[in-house]
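I would like to walk you through one structure, step by step.

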Amino acid sequence: MSTTLLLSIALVSVILLLLLVIKAKVHPFIALLIASLFVAITTGIPAENIMKVILGGMGSLLGSIAAIIVLGAILGAIIETSGGADRLANRFARLCGPQRMVAALTTVAFILGLPVFFDVGFIIVVPLIYGFTKVMRVSPLKFGLPMAGMMLMVHVTVPTHPGPAAAAGLLNADLGWLMMTGIALSIPTGIVGYFVAKVLNRKKYHLSVQVLEQLQLTEPSGQTTPDSNKEAPGALLISGLIVLPILLIMLGTLLPPHLTPGSLPLQILTLVGSPAVALLITLALAAWLLGLRRGWTTEKLETLSNNAISTAAGVILVSGAGGAFGKVLVESGVGKALAGSLQTIHLPLIPAAFILSLALRASQGSATVAIVTTCGLLSTAVTGLGEMQLVLVALSACFGALGLSHVNDSGFWVVTRYLGLSVADGLRSWTVLTTLMGLCGFALTWGVWTLL
């Protein structure tokens, strides 16, 4: 099939998806499956393989995030019902002042994002976002949008994460220099993202009923309201429970290379440092410290868990369908066709890396796939470059993968579902934010390249 036809099919599939969700009001899960089938059939994927590809893409993504979303939702429900999130928000407001709270939390998101995958980190801080939202009586986007943007930026530029780490390996770039340069360029990019999010938040967005219910503490489905007859847990305890899974994941990432292979400490650390186990440990502590020790019954914990799982189910299904759509786009050859057509233009290396990665990100959704594919395609073109030049080419590809997060990206659905955004508003806010941050990072990278 020709490149033009493949790219046309990809474009039509995205338009079809947007029309189904925005105009026809079809549930995103169903709309994503329809779009996936459309791409699979029109690009000639064999009939006997179509559902294997779709279910494979869905299963691959859900295998990595389903348990995390459920455990994070239950942990958030316990923290929320205990009143701890509100207390932490009040304490933080007194320390920082209302005018500096968003900036302070965005800085916290930058630090938390260094060791933790984007989806995991964002889900962990959602209770914090809700708590601050209620205390300040503002939209959750005021905190959630800059925090999510900051965490995604770190995820695609710092080689504690798979995309930039793979970029260093494919281009033979020095990992240490890539980490230091990535952090150095991410700081001004993050500041720009903070102000962009501030401008985007001037618009009033209509939030989903589910998020409004949580923020207004209405209880149509029998959820338990925050304790009113007990003193809320201390801010330090709540902070510790939020940071604990991140700390465990960070230790499980950083320490294993320094331990003896096959040793018991390595096995224990590998286990407790996996995101699902880290969250499970934290959830057990939260259930005891915030619930049972304070007089909650096991029935109350069960009700909270059931309601949290029901709420998380929508996020899980839509994210899984987004993974299926992305998988079909990859299997159809759209990404390869796009990469090949862009390579024939013969752009200079830095803009070529950025544009190729950005286009791959837009066409198939995964930032990691966009980075890896781009660096693989450019691996022969960078022969003979100096150490710092290799780092900058890798970073250009990384910043390209930051932009154009939209309907074929599972992260788009996680952010929009938890912040209560419609698809149209998600495109107007989240997609715009990630793209402008990517362009800013690219401009800084190209500036450094020019100076060198």
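Let me start with a question: is Thr-416 buried or exposed? Thr-416 is buried, because its relative accessible area is 1%; here buried means under 20% relative accessible area, exposed means over 50%, and partly exposed lies in between, with a 1.4 Å probe and protein chains only.

Before I continue, a word on the basis of these values. This is a predicted model, in which local features need pLDDT of at least 70 and side-chain atom pairs count only at pLDDT 80 or more, while totals for chains, interfaces and linings use all residues. Residues are numbered from 1 along each chain as its sequence is written, and side-chain values use heavy atoms, with hydrogens and water left out.

Let us return to Thr-416. This residue is placed in helix α19; helices are DSSP runs of H or I with at least four residues, strands are runs of E with at least two, and both are numbered from the N terminus. From there, the side chain of Thr-416 reaches the backbone oxygen of Phe-412 at 2.8 Å. If we set aside neighbours within four places in sequence, Thr-416 is in contact with Leu-421 and Gly-426, where contact means heavy atoms within 4.5 Å.

I turn now to the overall division of the chain. The protein chain is divided into domain 1, covering 3–59 and 328–451, and domain 2, covering 61–213 and 234–315; these bounds come from an automatic or database domain assignment. The C-alpha centres of the two domains lie 24 Å apart. To the contact between them, domain 1 gives 48 residues and domain 2 gives 54 residues.

How much area do domain 1 and domain 2 bury between them? The value is about 4200 Å², and 80% of it is on carbon and sulfur atoms. Buried area is the accessible area, taken with a 1.4 Å probe, that two parts lose on being put together, summed over both. On the side of domain 1, Tyr-418, Leu-419 and Met-437 lose the most area to domain 2, together 18% of what that side buries.

Which helices form this side of domain 1? At least two residues each are supplied by α3 (47–82), α17 (367–378), α18 (387–400), α19 (410–419) and α20 (423–451). The largest share, 14 residues, comes from α20. Sorted by class, the side of domain 1 that touches domain 2 has 31 nonpolar, twelve polar and five charged residues. In this scheme Ala, Val, Leu, Ile, Met, Phe, Trp, Tyr, Cys and Pro count as nonpolar, Asp, Glu, Lys and Arg as charged, and the others, Gly among them, as polar.

What of specific pairs across the interface? Between domain 1 and domain 2 the count of salt bridges is zero; a salt bridge is a side-chain nitrogen of Lys or Arg within 4 Å of a carboxyl oxygen of Asp or Glu. Three residue pairs, both members at pLDDT 80 or more, are in polar contact across the interface of domain 1 and domain 2. A polar contact is a pair of N or O atoms within 3.5 Å; within protein, one must be able to donate a hydrogen and the other to accept it, and residues adjacent in sequence count only if both atoms are side-chain atoms.

How many salt bridges does a search of the whole structure find? The search finds three.

One of them joins the side chains of Glu-331 and Lys-327, at 3.5 Å from N to O. These two residues are four apart in helix α14 (residues 298–331), and are therefore separated by about one helical turn. Glu-331 is partly exposed at 44% relative accessible area, and Lys-327 is partly exposed at 33%.

Another joins Asp-409 and Arg-361, at 3.2 Å from N to O. Asp-409 lies in the loop between α18 and α19 and Arg-361 in helix α16 (residues 349–364), so the pair ties together parts that are 48 residues apart in sequence. Asp-409 is buried at 9%, and Arg-361 is buried at 1%.

There is also a salt bridge between Arg-428 and Asp-425, whose closest N and O atoms are 2.6 Å apart. Being three residues apart in helix α20, Arg-428 and Asp-425 are separated by about one helical turn. Arg-428 is partly exposed at 45%, whereas Asp-425 is buried at 7%.

Thank you for your attention.
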